[in-house]
Amino acid sequence: MTLNCMIIDDEPLAANLLGNYVSRTPFLQLAGIYNSAVAAIKSIRENRIDLLYLDIQMPELNGIEFASILPKETKIVFTTAFSQYALDGYKVDALDYLLKPIGYDDFLKSANKAYLWHSEHSKQQIYTQDRFIFIKSDYKLIKVQFDDLLFVEGLKDYVKIYLDNGQQPIMTLLNMKKLEESLPHPEFMRTHRSYIVHMPKVEQIDRLRIVFGDYYIPISESYKENVQRYLDIHTVG
């Protein structure tokens, strides 16, 4: 997999250094270098940009403002000489933050992080398109259709997958985070550190608990905001 990347920096020396780093990195391909965010808008709209190296302090439109209008598939690495912008960078879901002067070792670590993100994202798109996954259980591979999945319960090193098609729950040696990454969001949502719920299957919520027959699934404080946001979109009155 090759990542198309772009550099936006109004300092020519810094921009050219990053361009050199990109050329030295086998899985990166340079789509362009621009001296302002405004100058890059047209190219970003017309091309798929996987990774954007973006300076923060620039004329006309600064990096933080520009980041807020980019497609979420474009991952941002902020490049700046000012460490006080780090928090702002994470508020716009930046993948990383490189402080100038940038060495190639730090650049490469950041590029590897971008590669891993896009690799996982590509898997997610495949899972979502196919609408099923295979689960290893008792030396067998069991096909689980997303539409049949009700909820998942985490049990230490195992997870227990509950289905609404009459099948017995499936036990598998797997961690919750790995399974969560394989399920489309927000259709499947973490409501608690030990539970992932297929939200369109929810019929009733009683005092911060999701009710599936005899099962009461808690909505913990850590995940309450995300769940509430989903419910607000689907609530009338």
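**Entry 1: the three-stranded sheet**

I began with the open sheet of three strands, which has the order E13-E14-E15 and antiparallel pairing. I took E13 and strand E15 (215-218) to be the edges, because each has a single partner strand and one side of each is left without a neighbour in the sheet. I note the terms here: helices (H or I, at least four residues) and strands (E, at least two) are DSSP runs numbered from the N terminus, and two strands pair if DSSP finds at least two bridges between them. The model is a predicted one, in which local features need pLDDT of at least 70 and side-chain atom pairs count only at pLDDT 80 or more, while totals for chains, interfaces and linings use all residues. Residues are numbered from 1 along each chain as its sequence is written, and side-chain values use heavy atoms, with hydrogens and water left out.

I then looked up the pairing of E13 with strand E14 (residues 209-212), and found that two bridges join these antiparallel strands, with Ile205 opposite Ile210 in E14.

I followed helix H7 (residues 221-233), whose 13 residues reach 19 Å from the first C-alpha to the last, close to the 18 Å expected at 1.5 Å a residue; the expected span is 1.5 Å times one less than the number of residues. I listed Val227, Tyr230 and Leu231 as the buried residues of H7, where buried means under 20% relative accessible area, exposed over 50%, and partly exposed in between (1.4 Å probe, protein chains only). The buried residues of H7 pack against strand E11 (188-192) and strand E13 (204-205), contact meaning heavy atoms within 4.5 Å. I keep in mind that an α-helix has 3.6 residues a turn, so residues three or four places apart point the same way.

I also looked up Lys224, which is in helix H7 and counts as partly exposed because its relative accessibility is 31%. Leaving aside residues up to four places away in sequence, I found that Lys224 touches Leu208 and Ile219; the C-alpha atoms of Lys224 and Leu208, 16 residues apart along the chain, are separated by 8.5 Å.

**Entry 2: the five-stranded sheet**

I turned next to the open sheet of five strands, in the order E2-E1-E3-E4-E5, with parallel pairing. Strand E2 (28-34) and strand E5 (96-99) stand at its edges with a single partner strand each, so one side of each is left without a neighbour in the sheet. I recorded an average twist of 20° from one strand to the next, with axes as lines fitted to C-alpha atoms, for helices over the stretch in contact, and angles from 0 to 180 degrees between N-to-C directions.

Going through the pairs, I found six bridges between the parallel strands E1 and E2, where Leu28 in E2 is the bridge partner of Leu3. Strand E4 (residues 75-80) and E5 pair in the parallel sense over four bridges, and Phe78 stands opposite Tyr97 in E5.

I checked the helices lying across this sheet: helix H1 (residues 12-24) lies across strand E1 (3-8), E2, strand E3 (51-55) and E4, at about 165° to E2, whereas helix H2 (residues 37-46) lies across E1, E2 and E3, at about 160° to E1.

**Entry 3: a hairpin**

E6 and E7 form a hairpin with two residues between them, and Asp138 in the turn has a positive phi of about 50°.
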